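Subject: Structure handover

Hello,

Here is the structure I said I would pass on. My notes on what was found in it follow below.

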Amino acid sequence: MQLVIVESPAKAKTIEKYLGKDYRVLASYGHVRDLPARDGSVDPDEGFAMEWETYADKSKQLKAIADEAKKADRLILATDPDREGEAISWHVQEVLKNKKALPKEVERVTFNAITKPAILTAMAHPRELDTDLIDAYRARRALDYLVGFTLSPVLWRKLPGAKSAGRVQSVALRIIVDREREIEGFKPQEYWSVTADMEQDGTPFQARLVKFKGDKLDRLSIGDGKTAEAAKKAVEEGRFTVVSVETKPAMRNPAAPFTTSTLQQEAARKLGFSASHTMRIAQGLYEDGAITYMRTDGVQMDPSAIQDARKAVATRYDGSYVPDKPRIYTAKAKNAQEAHEAIRPTDFSKDRAGSGDHARLYDLIWKRALASQMASARLERTTIDLEDATSQHGLRATGQVVIFPGYLALYEEGRDDEGDEDSRRLPRMSEGATPAKKAVNAEQHFTQPPPRFSEASLVKRMEELGIGRPSTYASVIQVLKDRAYVRLEKNRFFAEESGRLLTAFLERFFQKYVNYDFTAELEEELDDVSGGRAQWQAVLEAFWKDFKPRTADVMEQKPSDITAALDEFLAPYLFPEKADGSDPRLCPNCGNGRLALRGGKFGAFIACSNYPECKFTRRFAQPGGEDGADSGPEVLGQDPDTGLNVERKSGRFGPYIQLGEGKEAARASIPKDVELDLELALKLLKLPRVIGDHPETGNPITASIGRYGPYLAHDGKYARLQGTMEVFETGMNAAVVKLAEAAANSGRPARGASREPLKVLGKHPRTEAEIKLMDGRYGAYVTDGETNATLPKSIDKDQLTLEEAAQLIDARAAAGPAKGKGKKKAAPKKAAAPKKAAAKKPAAKKAPAKKAAAED
């Protein structure tokens, strides 16, 4: 019997069907080991020796693999054809070796598509494990671990509120923050365009002014309305004649088939998919045998696939759409061992596969690959110049005509920023023609700042800079979103205050390690390892000898010194110059204190130097009101009972209201679902509200707002309310009914009420079970359908990440059944956390290590 190991159970089932009875195909369900989440898993003093630990939730599967391996004559490691696939095969081999279950004959096979011919061909050409790829994997994994476990304690102690930093993650974050700085520093410039609406033989077209008073104009030449009006008048008064018509043939060639990064970019542009969603859908198409492997830097297709594509083009169109020779594309990947075949359909005769998003992505892949082997589009670009009788003023019209569509009949590559006047159609004209002038327009414009990054343009920028590798872009971007370092609005990335502060800290104290060139050079060194051109421990040693002393130096600095350095570094952002020339650091509350950056338990904020006499504070990401002016506290009015001011303020945790000063002051957060005025502010400050005494117990029923929203309380029992205003409007009868319904349903909504999750976080990184955030009787909790884990108070449900949720579930499962449950709810067989790691620190703090591999 021959044992074949793949990652996915879906692949295992398909491949076993292709191979026959003599083969047993089992899945490892992805990686089976990792560096445990504790100090010392990588030892730089011992040649960067690594201590690997088997995932607890993989023990059952590994036992099944070991049992079959003991009976097998031959072990065939058939995981994915990339660095991670090579690593999984190596881990499986090492585990079997430790279990003394490794067959004498061990071979490695790879295939680029899950089709019977590809599988059988791969089985006929086995090889040994690629030690260079394994070394490259170990180097990357050790680097990510060392950065995470060395830098994270520095962040936790010196930059309160920071969650994690990663070798590639932090550089990707800097790209977004740098763009934010460009936008903030951008000064718009006024310019005007003058255009004429014209017509020739009944066909309208538009011409723009390109010469005025004998001078050639560029886009910014007309900078004020007075000049624009003069130019407009000149065009209106002139009689323009065609002085030249220039027609040039042009060719447009199709783009290469998709690589990982170009697929992510195009799916974002045309389908609105995130990078992570694109990769999940592509993985499904690959495992279904519809497309080739989707993690690749290669742009070339197999010769047989090229011939199939050319036949499909001839069948779909005609011979003129098939180029004379097959198109050959050159791979841009620097490492040939990792440059596999491009992403393409496994069968070009199938123009559909799957349904929903799978069908949409397949359609994109099929069209791109087929178009790559189609004839070029032939165009005709025309430029028409017109002048008035004085030859002092000139107009120009440009356009193009598609003579032969070629590949454009099937597919055209998307662009991040559209807008091309060359695509306009023009009427046929010859020299001496005098087209009719219908109208002249002068329009004011302002130069625009560079656009914020979309997922597509961010992936493109990372690839241009050589930051990370395309196969990891999806996970890197997901980490930034999960950590709330960035937010995505209208498909554009905005830097959050936590991301901005972290980037400032790293640029100030670890500038080298978020430098674009340094990160790209390190990637090249890691590629040299996988290509056999460099020794992995030497690369790690060169990095570690500078990185370790730098972290030690920063750790020795006082938090106050760190804050002072960041205050100076961020001064242009935190305290921008004011239009009236006044001091931007002057406290708007006391009038003589100086504002400066301060660090607190929950993050950075701005405070007055006269504290505690002056208690003015401002959030880190709130430079002030319009024109850079500090908004300061807003007085809503006076409390009629005390005569004290009721003030609306912004604190470290968001907007709140305050009555009084010092320890005796009353404060209340401002809910998001209300419009605040003095009347409502006074009501909020007086919570909890006593509705009355319960008719059965005689004890009071109160309404208030807690951590998870508005609620009713009575004798230690609670019932949720739907909105803030219900806290003030709910009467006794309604309150009694709501409490009774909540009690009858053990704190759950009444029968028939919604049990929808607050949020679907995604698939568990190790078990692939779907994790949901739910609202329960005792607060928010997460579940994978088998194990429920309550959120600790230290974790905000709105900031919860997928990895943190997975760690909570792992820790709860490892802890065993709850007291009093007996065997009814034994510890789930899925997703048990590593015992040592779970015992060492809370589950939520294990995220950096578990994420490290994904942050490559």
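Two strands pair if DSSP finds at least two bridges between them. Strand S10 (residues 203-212) and strand S14 (residues 394-404) have three bridges and run antiparallel, so they count as a pair under that rule. Please keep in mind throughout that this is a predicted model.

Overall content
The protein has 24 helices and 32 strands. Of its 856 residues, 51% are buried. When contacts between residues at least 6 apart in sequence are considered, 66% of them join residues at least 24 apart.

Around S10
S9 and S10 form a hairpin with two residues between the strands, where Asp 201 takes a positive phi near 55°.

Strand S11 (residues 215-216) is another antiparallel partner of S10, joined to it by two bridges. Here Phe 212 stands opposite Asp 215 in S11. This is again a hairpin with two residues between the strands, and Lys 213 in the turn has a positive phi of about 55°.

Helices H1 and H4
How do helix H1 (residues 9-19) and helix H4 (residues 116-123) pack, and at what angle? The angle is about 75°, and the axes are 10 Å apart. Angles of 65 to 115 degrees count as roughly perpendicular, and H1 and H4 therefore fall in that class. On the H1 side the contact is made by Ile 15, Tyr 18 and Leu 19, which meet Lys 116, Ile 119, Leu 120 and Met 123 in H4. By class, this contact has six nonpolar residues, no polar residues and one charged residue.

Helix H9
Helix H9 (residues 275-287) has 13 residues and reaches 18 Å from its first C-alpha to its last, close to the 18 Å expected at 1.5 Å a residue. Is H9 largely enclosed or largely open? H9 is largely enclosed by the rest of the structure, because 12 of its 13 residues are buried. Among these buried residues are His 277, Gln 283 and Glu 287, along with Met 279, Ile 281, Leu 285 and Tyr 286. The buried residues of H9 pack against H1, and also against helix H8 (260-271), helix H11 (356-371), helix H12 (455-465) and helix H13 (470-482). Just after H9, Gly 289 takes a positive phi of about 80°.

The S25 to S28 sheet
Four strands make an open sheet in the order S25-S26-S27-S28, with antiparallel pairing. Strand S25 (689-693) and strand S28 (717-720) are at the edges; each has a single partner strand, so one side of each lacks a neighbour in the sheet. From one strand to the next, the twist averages 25°. Within the sheet, strand S26 (residues 700-706) and strand S27 (residues 709-714) pair over five bridges in the antiparallel sense. Gly 706 stands opposite Gly 709 in S27. Helix H21 (residues 732-744) packs on the sheet and touches S25, S26, S27 and S28, and its direction makes about 105° with that of S28.

Regards

Key
Residues numbered from 1 in each chain as written. Predicted model: local features only at pLDDT ≥ 70, side-chain atom pairs only at ≥ 80, totals over all residues. Heavy atoms only, no water. Axes fitted to C-alpha atoms, helices over the stretch in contact; angles between N-to-C directions. Parallel < 35°, antiparallel > 145°, perpendicular 65-115°, else oblique. Contact = heavy atoms within 4.5 Å. Nonpolar A, V, L, I, M, F, W, Y, C, P; charged D, E, K, R; others polar. Expected span 1.5 Å × (residues − 1). Buried < 20%, exposed > 50% of the residue type's maximum accessible area, 1.4 Å probe, protein only.
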